[in-house]
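Colleague: I'd like to learn how to read a model like this one, feature by feature. Could you take me through it?

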Amino acid sequence: MTPQAVEAVIAGLKAAGVSVVCYLPDSLFKELYPALDADPGIRTIRVTNEGEGAAICGGVFLSGKRAALVMENSGLRASIEPLARMGMGAGIPVVMLMSYRGDLGENNWWAVPHGMTMEPLLTAMRIPYRVVDEAEKAKQAIQDAVTWSYASYYHSAVALTGGLVR
Amino acid sequence: MTATPAPERMHRFDCMRVLAPMLKNELVILSLGASVDEWYTAAPHMRQASLFQQQLGCVTPQAFGLAVGLPHRRVVSLDTDGGMMFNLGILATLANEQPKNLLVVVWDNECYQSIGGPPTHTAQGRVDIAAIARGAGIAEAHTARTLDDFEALCRRGLVADVPFVIVAKVSQESFRDVRRKHSDGREDKYIFVRHVEATEGIVIMGPSEHN
């Protein structure tokens, strides 16, 4: 990610009032994670899998603070179980920011499944999402996701792709 | 020569009746199964302050998230052996993050009681959740086998400024004379959130822009 893209993402999180980020690092967001760690306005929590991060974000919601789960889109697969239980069973929302591994332009065979499964899983989970490939649109997309999740009390997602993450 | 009879296991409901009077301003998140109605009955004064969640593997992570958001408030996770084994990674995360306001109680009855009692991984006597927690880096992780031990550990855990884990080895019986909770997960969330809002003086789920 370029410094401008990292800045846009962090600006979006802050504009949306996010003060806690749970993450499991990946390669496309490589530059984002240390920037989040270094930001005094954001508490980062490193998790062992994304499902654990989703549940922690749910707990943060219950405290009145705002959290985001930042991850590669493969983490969506690991998160489906807690997302279904929290979102559909209790109305506890999680806002997700994920890198779109496996999108057109992907040159790693192992990442192709991430692209094939991400959007169908989001649709199956009835999670609205926006795919963003320009830094100028990242900030607004993150704000919009948080706004929607605090109106619906359900999960939302922003997937960053293309030149934004490569 | 006669074999020494195994000591009788603590009952989870008795443990709850020990813990409940110690709680006042704390917030509780608890796991699924019979413990839901047991806690509802054992701690009537904590009903609004307890989030009843039917979420295997989510209970302690959610309690930790709540503790992160409200660092001045003590949070109690009432988890289970099945729930903790479902997501052992949270123990490593707690060790790294060192929350100063989180007590985790694991009701270890060595079975999946809510579906009729098939054994969990702790049933064979080899798997020790407190030892796993210590290995993950949580220094204050203990096993309670008597009510006296359980009470003493709760007293320590409720004032500790490090993550504190109590694995309570309890019997497989559930307490039958309980008052059933009628609400579902969604209503439980609203009750809990409104309690947090009222006691913290904050807005979590506010009004819409237009009516």
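Predicted model: local features only at pLDDT ≥ 70, side-chain atom pairs only at ≥ 80, totals over all residues.

Colleague: Let's start with sheets. In what order do the six strands of the open sheet in chain A come?

Modeller: The general idea is that strands of a sheet pair through backbone hydrogen bonds, either parallel or antiparallel. Here the order is E2-E1-E3-E4-E6-E5 in chain A, and the pairing is parallel. At the edges sit strand E2 (43-46) and strand E5 (129-132) of chain A, each pairing on one side only. From one strand to the next, the twist averages 20°.

Colleague: How many bridges join E1(A) to E2(A)?

Modeller: Four bridges, with strand E1 (residues 18-23) of chain A running parallel to E2(A). If you want a pair to click on, Val21(A) stands opposite Thr44(A) in E2(A).

Colleague: And which strands does helix H3 of chain A lie across?

Modeller: Helix H3 (residues 50-63) of chain A lies across E1, E2 and strand E3 (66-72) of chain A, and it runs at about 170° to E3(A).

Colleague: Now the core. Which residues of the largest nonpolar core touch the most other members?

Modeller: In soluble globular proteins, nonpolar side chains tend to be buried together. In this model the largest nonpolar core has 118 residues, and those touching the most other members are Val21(A), Cys57(A), Ala68(A), Ala138(A), Ile142(A), Val158(A) and Ala168(B).

Colleague: What is Ala168(B) in contact with, beyond its neighbours within four places in sequence?

Modeller: Its contacts are Met10(B), Cys15(B), Val105(B), Val106(B), Trp107(B), Asp108(B), Ala144(B) and Phe150(B). Among them, Val105(B) and Trp107(B) are on one side of E4(B), while Val106(B) and Asp108(B) are on the other.

Colleague: How many residues of E4(B) are buried?

Modeller: Seven of its seven residues are buried. Both faces are covered: Leu102(B), Val104(B), Val106(B) and Asp108(B) on one side, and Leu103(B), Val105(B) and Trp107(B) on the other. E4(B) also has parallel partners: six bridges join it to strand E3 (residues 75-80) of chain B, and six bridges join it to strand E6 (residues 164-169) of chain B.

Colleague: Next, backbone angles. What is the phi of Glu110(B) near?

Modeller: Most residues other than glycine have a negative phi, and most peptide bonds are trans. Glu110(B) has a positive phi, near 65°. Its place is the loop between strand E4 (102-108) and helix H6 (129-136) of chain B. Chain A has a case as well: Tyr153(A), with phi near 55°, lies in the loop between helix H6 (135-152) and strand E6 (156-160) of chain A.

Colleague: Are those two buried or partly exposed?

Modeller: Count C-beta neighbours; 20 or more within 10 Å makes a residue buried. Glu110(B) has 21 other C-beta atoms within 10 Å, so it is buried. Tyr153(A) has 17 inside 10 Å, so it counts as partly exposed.

Colleague: Last one: where is Gly115(A) found, and what does it touch?

Modeller: Gly115(A) is in helix H5 (residues 112-124) of chain A. With 19 C-beta neighbours inside 10 Å, Gly115(A) counts as partly exposed. Not counting residues up to four places away in sequence, Gly115(A) touches Tyr100(A), Arg101(A), Gly102(A), Asp103(A) and Glu106(A). The C-alpha atoms of Gly115(A) and Asn73(A) are separated by 7.8 Å, although the two residues are 42 residues apart along the chain.

Key
Residues numbered from 1 in each chain as written. Chains lettered and ligands numbered in written order. Core = buried A, V, L, I, M, F, W, Y, C linked by C-beta atoms within 7 Å. Buried ≥ 20, exposed ≤ 12 C-beta atoms within 10 Å, placed from the backbone. Contact = placed C-beta atoms within 7 Å. Pairing = 2+ DSSP bridges. Helix = DSSP H or I, 4+ residues; strand = E, 2+ residues; numbered from the N terminus. Axes fitted to C-alpha atoms, helices over the stretch in contact; angles between N-to-C directions.
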